[in-house]
Amino acid sequence: MMTDRRLLEMAQGKRPVETVFRGAEVLNVFTGEWRREDVAVASGVIVGVGRYTGEEEVDCRGKALVPGFIDAHLHVESSMLTPAALAAEVLPSGTTALIADPHEIANVCGLAGLRYMLDAAYALPLSLFVMLPSCVPATRWEQGGAVLGADALSSLRDAPQVLGLGEVMDFPAVCTGERGILEKLEAFAGRMIDGHAPMLSSGGLQAYRLAGIETDHECSDGEEALEKLRAGFAILVREGSAAHNLHTILSAVRAAGLGTERLAFCTDDKHIEDIRRDGHIRHNIRLAIEMGFPAADAYRMASWNPARLYNLQGYGAIGPGYRADLVLLDDREAVAVHAVYTGGVCRWKAGEPIPCVKGSPIPAALRDTVHVRPAAGRPLGVECLALPVPKGGVLPVIELIPGQINTRRSDQKVPQRDGYFSAGGDFLKAAVLERHHATGRIGLGVVRGLGLRGTAASTVAHDSHNLIVLGDRDEDMLLAVRELERCGGGYTLVRDGRVLATLPLPVAGLMTDRPAHPAVRPFPGAGRSRRA
């Protein structure tokens, strides 16, 4: 930030500042203290903390003031909203910065998807930063929409919003030194590199850290988290919709007598209904405080720690030279948000509805992404979904594990008719249809334990996001596929030859182009999001 004489005079009390937040209990993240002070703001920046007069004064008596919350790792696409619509949902719970890995849209639309996410960041009333996805394609076994090597990623490396390389999911390739992933790591040497290494341990974990990977957010076991901390990783403490790891990780850290300096909160994937019910990063903070962690430590894991980890200069603290991204709290222990400011501008106050945020235009390349017919144009028929059963009637079965995202394989005798699998009992047919290049490729299998009567289909299928459909009638499965073709992707439910419900997600088959609620009012002062 360039400092001018006017701001220097304001910091010394020689001239009134634009806005003073008067009389709050202010969190000093540098020392962990709570002190009753004034916070002076001008030109979107904090110019001083102490005693000040201002042209406008915000009465904060009886309230606490903390830095805006930072989500250290998330996938915007998993909210099924565009960046603008998601910003409208998370700002009221105090989140003022997002560090996103857009590998979902990149696996569908490649560089066009990444450029859209980068362009979208400029119009938001919060800060959106990007970690460029390291794994496009996500696997070697199915066909995604794009291939992004080191050269393609390097073409966006110097964009202002780019912080580094996103979660390196292919940790076996890292440990065996495969050329493609090493080229990506080399291209981002000296920049932040996120990890993704569930259950990796011992020598493999040491090699993974040696490769330059700094973080991990896949710790589901306390001992795993401790081993990774001791190996030099920062742990992103995840509390999302499907994965709830906060209590396990923080309990292990406390039992080991370790500090929280290398911990930062994230959501990874969190649905809108959960955000509305529990809040966004504020939910992580509240859970930590309920566990008995000092409030100052909980708030630092949501602001100062991720800002330092990702080298976000001017973020994460209330002090001279930092962005005026502030959360005013009615109750710091309950994380009860009263008002949220970014760049010194009030974006939301308690009692107000969720405002709308006008997003950037959606490029044509991100629409019309569902192409399941072969290139020659041959129509898809039910015969394409026929699954032969070998002699003996045994097929591999994907079994769901209640309450977990993991599955297990078992070989079981399955129901059949005339030599072909016939759904029945607890057995459903599963089909994955390549939808990016109209190759006509279809994978078929059997799923057990879903408890579904009818058919469900979606183009949200991590991480290659081909069209996946599960059902008990081939005719309904085909109808579901055609319904998703019609609406450009999303989710649909079909039963007895009738479409029961469809959620269109026409942006890459992953996101809606509409807000999550009717537009109410625009955020004041929404403009380009940039670093201080």
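**Note on the predicted model**

1. Confidence. The protein chain has a mean pLDDT of 93, with 95% of its residues at 70 or more. The exception to flag is residues 519–532, where the pLDDT is below 50. In the model, this stretch still has 50 contacts beyond near neighbours in sequence. Where pLDDT is low, the predicted coordinates should not be read in detail. The structure is a predicted model throughout.

2. Cysteines. The count of disulfides is 0. For Cys-109, the closest cysteine sulfur belongs to Cys-487 and lies 15 Å away, which is too far for a bond, given that a disulfide needs the two sulfur atoms within 2.5 Å. Cys-346 is in no disulfide either: the nearest cysteine sulfur, in Cys-60, is 11 Å away. Cys-109 counts as buried because its relative accessibility is 15%, and the cut-off for buried is under 20%.

3. Surface patch. Ile-398, Leu-400 and Leu-450 make a nonpolar surface patch of about 220 Å². Ile-398 is located in strand β17, residues 394–400. With a relative accessible area of 40%, Ile-398 is partly exposed, and patch residues must have over 30%.

Key
Residues are numbered from 1 along each chain as its sequence is written. This is a predicted model: local features need pLDDT of at least 70, side-chain atom pairs count only at pLDDT 80 or more; totals for chains, interfaces and linings use all residues. Side-chain values use heavy atoms; hydrogens and water are left out. Buried means under 20% relative accessible area, exposed over 50%, partly exposed in between (1.4 Å probe, protein chains only). pLDDT is the predictor's confidence in each residue, from 0 to 100. Contact means heavy atoms within 4.5 Å. Patches are made of residues with over 30% relative accessible area and no salt bridge: like charges are joined within 9 Å, nonpolar side chains (Val, Leu, Ile, Met, Phe, Trp, Tyr) within 5 Å. Accessible areas come from the Shrake-Rupley method with a 1.4 Å probe; for residues, only the protein chains shown count as cover. A salt bridge is a side-chain nitrogen of Lys or Arg within 4 Å of a carboxyl oxygen of Asp or Glu. Helices (H or I, at least four residues) and strands (E, at least two) are DSSP runs, numbered from the N terminus.
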